[in-house]
Amino acid sequence: MDHKMSRSPWVIHYDGSSCNGCDIEVLASLTPLFDAERFGVVNTGNPKHADIFLVTGSVNAQNLPVVRQIYNQMLEPKCVVACGICACSGGVFRDAYNVIGGVDRAIPVDVYAPGCAIRPETVIDAIVEACGILDQKEAVLRAGGDPLTVGGAATWDGGVELGESGFVAAAEAGAGDAPAADGAVAAGGTSDEPAAAKEAE
Amino acid sequence: MTLLYFLTLFPLVPALGMLLARGDRARDAVGLVGSGIIMAVTVVVAVMFFGTGPQSFEVAPGTSHVLSIFSSVIDVILCAVILYNAYKYRNALTGVLGVVQLVGSLAFAAMTLPATEAVTATPLYLDYMSAIMVLAVGIVGSLICVYALGYMKDFQAHDEHEAALRGQTAPDRRPQFLALMFLFLSAMFVIVTSDNLEWLFCGWEITTVCSFLMIGYTRTPEAIKNAFTQIILNMLGGIAFLAGLMFLHFNGMPLTISGMIELSGAGTAQSALLVMPVVLLSLAALTKAAQMPFHTWLLGAMVAPTPTSALLHSSTMVKAGVFLMVKLSPLYATYPVTGFMVTSVGAITFLLAALMAISQSNAKRVLAYSTISNLGLISACLGVGAPEAVWAAIFLILFHTVAKSLLFLCVGTAEHHIGSRNIEDMDGMFSRMPHLTRLMMLGIMGMFVAPFGMLVSKWGALVAFAQTGNVLMIMVLAFGSAATFFFWGKWLAKLSGVDPTAQNVEVNVHKTEWTALNTIAALLVLCCVAFPLISSGLVSPYLAMVFGRVPHVIGKDAMYLMVVIVAFIAVVLLTSFRVSNKPHVNVYLSGVGTESYRHFRGSMGHEVKAEKRNLYLEDALGEKRLGPAGSVVCCAIILFALLCCAWIGPERLAMSAPSVLRGKYFEGSGVVGIFIGTVAFALIAPLVGGLIDGLDRKLSARMQGRVGPRLLQPFYDVAKLLRKAPASVNTMDDTYMACALIFTVVGGGIFVSGSNTLLCAFMVTLAAIFVVLASASTQSPFAQVGADRELLQVMSYEPAVLLMSVGLYLATDSFDSIAVTGQSAPIVVYSAPIFLALLAVLTIKLRKSPFDLSYSHHAHQEIVQGIATEMSGGTLAKMTLMHWCETVLFLMWVGMFFVWDNPVSWVVALVVMAATYFVEVLIDNTFARSTWRSCFKLGWGVALVFGLLNLMPILVDVFI
């Protein structure tokens with residue numbers, strides 16, 4: 001496997017509903033002190049240029065479509081890093097009425113990087129981890145395979161949909177227009193929070 | 001001879017036919033047959049001309065006398081028409097001028113007609129220039145008449161619809177309209193083939209009155225007002241013409257163009273007197289060519305139906321003015337005050353009209369300003385009176401005729417089908433009217449993009465001004481071209497937008513309109529491709545005949561290269577080979593885009609359309625600011641010339657112009673050399689450029705106190721981009737980007753092979769245009785803003801880059817980069833100020849902070865990457881490669897200033913290049929982004945100050 005992808009990880013950073021603690025740390029990792037550019041990291045701010053999607057904060061009803069659209073506009077091979085505990089699981093906001101949980105309720109996540117707030121070292125570590133997945137995806141792509149069989153997408157359950165009266169698990173809602181639904185192997189069970197439970201609230 | 005009579009008189013037949021024919025079908029038949037015959041005869045005349053060469057035709061004195069009486073009668077009838085209209089619409093000023101002209105015409109007739117000995121033996125002629133004009137008028141003019149047949153149906157239908165809404169009926173004046181168009185063609189043929197100034201004047205006045213009647217066609221108050229503006233200004237010119245004729249006759253001078261030129265060579269007291277009539281005739285020509293302060297009539301004339309604008313106000317009638325000046329141009333060198341008047345008025349008009357065009361959003365007004373501006377450049381060239389400049393002027397006339405008529409006709413058709421002539425409403429035209437838009441883009445490219453004819457002519461003009469040491473004109477041209485680039489560029493960008501949801505609305509365009517449009521477009525490409533032939537077959541022989549010297553403006557090899565590139569662009573634009581099969585994706589709209597085209601979910605939950613308007617810079621370049629200033633200055637210049645004639649002894653005004661011709665001619669390295677250079681550049685520049693980029697990033701990191709990326713990081717980035725999955729928001733952007741990369745590489749190849757630096761600079765500009773197209777075609781608002789800024793940056797640095805070539809020329813007497821190696825000292829010694837100007841704009845050109853307005857590689861200031869927003873994968877990789885090549889090329893421009901005929905100099909140049917780049921990185925890391933205003937001010941400021949500083953010595957040199 002060559003490292004064509006991993007040598008140039010360009011990132012895009014999106015703030016779900018973070019308290020901005022993680023955002024500050026994500027940007028801190030790009031500053032001279034932590035110097036993520038050593039690994040070729042460039043903050044592009046544009047999904048069409050980016051390889052790695054850094055999401056901070058939990059995902060709520062308001063930004064669910066936004067996260068999905070940005071993810072869909074990124075071109076394969078691509079990776080998602082959930083930065084901070086809110087992004088990983090919803091954190092302290094997981095029970096809030098409008099919060100659907102971590103980023104993996106919206107899109108497949110490849111690397112979970114916990115912390116409150118996340119430390120810049122963790123961000124860099126997560127990016128390096130994601131680089132390995134990028135390389136794997138690229139190898140699969142070139143072999144004519146489906147990149148969605150690699151990383152988080154392989155075991156993703158489709159997340160949740162915004163239903164008429166609340167959140168519905170995508171697997172139950174018929175996995176309509178959830179991203180990558182046709183390619184993902186809906187294994188379920190990776191999430192410890194069935195979305196249906198939310199709906200009951 | 002008979003053919004010439006036939007050519008002149010035949011258009012009257014369809015004109016009469018139009019008046020008699022009833023119904024659309026009869027009119028169509030008359031129009032098509034008439035136009036067809038005119039075109040055929042034109043071609044026959046041209047072919048015969050090639051057989052016989054230039055000749056004058058004798059007319060029997062009796063016939064000639066009768067014809068003179070006839071033309072006097074026509075003059076009087078025309079005055080009557082004017083007076084009738086002045087009375088009907090109660091326009092006092094027109095009345096007064098009409099009476100003056102009537103009295104003048106009668107007095108002149110009374111003076112000349114009895115004097116039978118004054119009858120000229122050969123009042124008609126056909127030389128190279130006339131042949132060019134006959135072809136242009138005959139073919140383009142007839143095609144416009146064909147176009148008018150279909151167009152006027154839509155026009156009338158629209159009028160009737162409007163009138164019906166008001167409960168009235170719209171009178172059908174189409175027969176008169178079409179008849180006037182054919183009458184006009186006849187008058188134009190008279191103008192371009194008459195040596196007898198009396199007859200020429202008759203044709204001149206017919207065109208004026210035709211234009212008057214056609215502008216007033218709709219009879220709306222605005223149309224009537226503008227028609228009277230036109231007639232008043234043109235009658236001033238007509239009266240000046242008449243006064244010139246009377247002066248000639250009064251002093252016993254011949255009433256023919258050839259006679260005047262013969263007389264000027266005599267060097268007698270009588271020949272010195274010629275200065276007055278030359279000034280008066282030039283004044284008449286300037287009014288007809290809509291130069292400042294008379295330009296307002298052409299702007300007002302845009303209310304007329306589009307065929308009028310195309311025929312009279314861009315392609316032919318205004319050309320009558322410059323045609324007369326072409327004929328008088330040998331005299332401008334002999335009588336410097338006349339040359340000064342024509343050149344200065346033309347130069348000021350060229351620059352100011354181009355700037356004012358930037359502030360316009362009405363397509364027809366932009367076209368009008370651009371016409372005025374181009375006629376200004378033509379006049380400026382002609383005023384120089386050197387064959388080099390006249391060469392450029394003739395090509396400007398030819399290409400402007402073809403390209404501008406195409407544009408007018410396209411705008412006319414577009415207006416009927418999208419319901420607006422506002423450029424802002426042409427968003428997404430590429431999808432709404434695909435074929436028409438491509439023709440329009442071709443026309444626009446023909447107007448300003450290298451290597452199409454117009455730009456080649458401008459190039460010729462620049463070379464001519466450099467060769468004749470005309471410093472102020474060099475400056476005006478450098479700035480005027482940059483302004484021209486901006487207003488055409490933003491229009492082109494607007495047109496290029498691909499809108500996948502658009503409805504095709506061009507299905508019911510009339511067949512006659514398509515015929516005319518396609519033929520003129522083909523003609524445009526043909527003219528560009530046959531450009532070397534036209535130069536050697538028509539223009540050079542004409543100049544050899546008139547000036548006794550064949551100018552050497554553009555090398556043969558450069559011409560062939562340009563022919564290839566024109567063909568290439570035409571293929572890219574007009575065929576469908578470009579269609580890419582990448583998966584389609586929507587544009588980026590911050591993650592809130594909806595399924596609808598260019599819509600996003602607003603903060604209040606409803607759908608909003610993302611729109612983007614062009615830059616107009618109205619506060620800086622509005623017509624209210626520039627128009628009056630230009631008019632005042634031009635009035636002053638004209639008055640100065642007239643007062644000189646009146647007060648200073650004529651013998652002191654007649655002297656040979658102090659123009660020193662400079663120039664050694666290198667032929668560059670030839671097509672083969674350029675090809676080898678291009679291959680070498682294509683292989684080496686990306687490697688070197690990528691390495692420079694890597695060093696740049698490493699250096700920046702060190703300046704910020706960090707380790708930074710690996711040295712080869714830029715290569716890793718490109719390798720990565722090439723492996724990304726393909727996707728595109730439209731089918732075009734990748735192709736445009738590929739073109740941009742190719743043109744940059746060719747530009748570099750031209751430079752490293754030691755060929756023409758001007759051609760190299762034009763190639764880089766051409767590449768910039770294609771980047772803008774690639775970006776604007778995506779219809780992403782972010783990318784479009786970036787594209788606008790890119791255009792603005794190009795406009796900012798363009799003058800300094802052109803001056804760089806002039807600086808090279810100044811030192812080496814050649815535009816070829818190889819010439820520096822033959823110098824005994826580096827050219828920076830001669831062109832230090834220009835070198836400084838180039839250094840100052842290098843930051844803009846390398847897109848370094850504070851001028852990374854459109855896109856920065858480091859993206860440390862642009863949030864969504866401006867111009868590159870919608871580019872991904874391979875397309876973005878191409879852009880990166882292109883930037884690397886540009887970096888290498890620009891640094892070589894810097895190095896060029898330090899090379900001389902010593903091998904050590906190459907090391908010096910390398911050191912200077914390295915130092916320059918280091919300073920650029922330093923600047924990049926030190927300054928925060930500035931505004932486009934400061935970019936523009938810096939670019940133009942340094943070019944103006946340092947350019948003038950550097951070039952001034954030549955101006956003084958002549959007198960020492």
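Predicted model: local features only at pLDDT ≥ 70, side-chain atom pairs only at ≥ 80, totals over all residues.
Me: What does the radius of gyration say about chain B?

Reply: The radius of gyration is taken over C-alpha atoms, and the globule rule is 2.2 Å times the number of residues to the power 0.38. For chain B the radius is 29 Å, close to the 30 Å that the rule gives for 960 residues, so chain B is as compact as a globular protein of that length. The C-alpha trace of chain B spans about 95 × 75 × 50 Å along its principal axes.

Me: What share of chain B is buried?

Reply: A residue is buried if 20 or more other C-beta atoms lie within 10 Å of its own, exposed if 12 or fewer, and partly exposed in between; C-beta atoms are placed from the backbone. Of the 960 residues in chain B, 61% are buried. Helix H8 (residues 197–215) of chain B is a case to look at. In H8(B), 19 of the 19 residues are buried, so the helix is largely enclosed by the rest of the structure.

Me: How is the reach of helix H8 of chain B checked?

Reply: The expected span of a helix is 1.5 Å times one less than its number of residues. H8(B) has 19 residues and reaches 27 Å from its first C-alpha to its last, close to the 27 Å expected.

Me: Is B:Arg25 buried or exposed?

Reply: B:Arg25 is exposed, because 9 other C-beta atoms lie within 10 Å. B:Arg25 is in helix H3 (residues 24–52) of chain B. B:Val100, in helix H5 (residues 92–112) of chain B, is partly exposed, with 16 C-beta neighbours inside 10 Å.

Me: How far from B:Val100 is B:Met235, in sequence and in space?

Reply: B:Val100 and B:Met235 are 135 residues apart in sequence and 9.6 Å apart in space, C-alpha to C-alpha. For contacts, the test is that two residues have C-beta atoms, placed from the backbone, within 7 Å. Among the contacts in chain B with a separation of 6 or more, 81% are between residues 24 or more positions apart.

Me: Which domains does chain B have, and what joins them?

Reply: Domain bounds come from an automatic or database domain assignment. Chain B is divided into domain 1 (2–58 + 122–155 + 171–577 + 617–653) and domain 2 (670–953). Their C-alpha centres lie 36 Å apart. In chain B, 33 residues of domain 1 are in contact with 39 residues of domain 2. On the domain 1 side, helix H21 (453–467), helix H22 (471–496) and H25 of chain B each give two or more residues. H22(B) gives the largest share of that side, 15 residues.

Me: How do the residues on the domain 1 side divide by type?

Reply: Ala, Val, Leu, Ile, Met, Phe, Trp, Tyr, Cys and Pro count as nonpolar, Asp, Glu, Lys and Arg as charged, and the others, Gly among them, as polar. The side of domain 1 of chain B that touches domain 2 of chain B has 24 nonpolar, 6 polar and 3 charged residues.

Key. Residues numbered from 1 in each chain as written. Chains lettered and ligands numbered in written order. Helix = DSSP H or I, 4+ residues; strand = E, 2+ residues; numbered from the N terminus.
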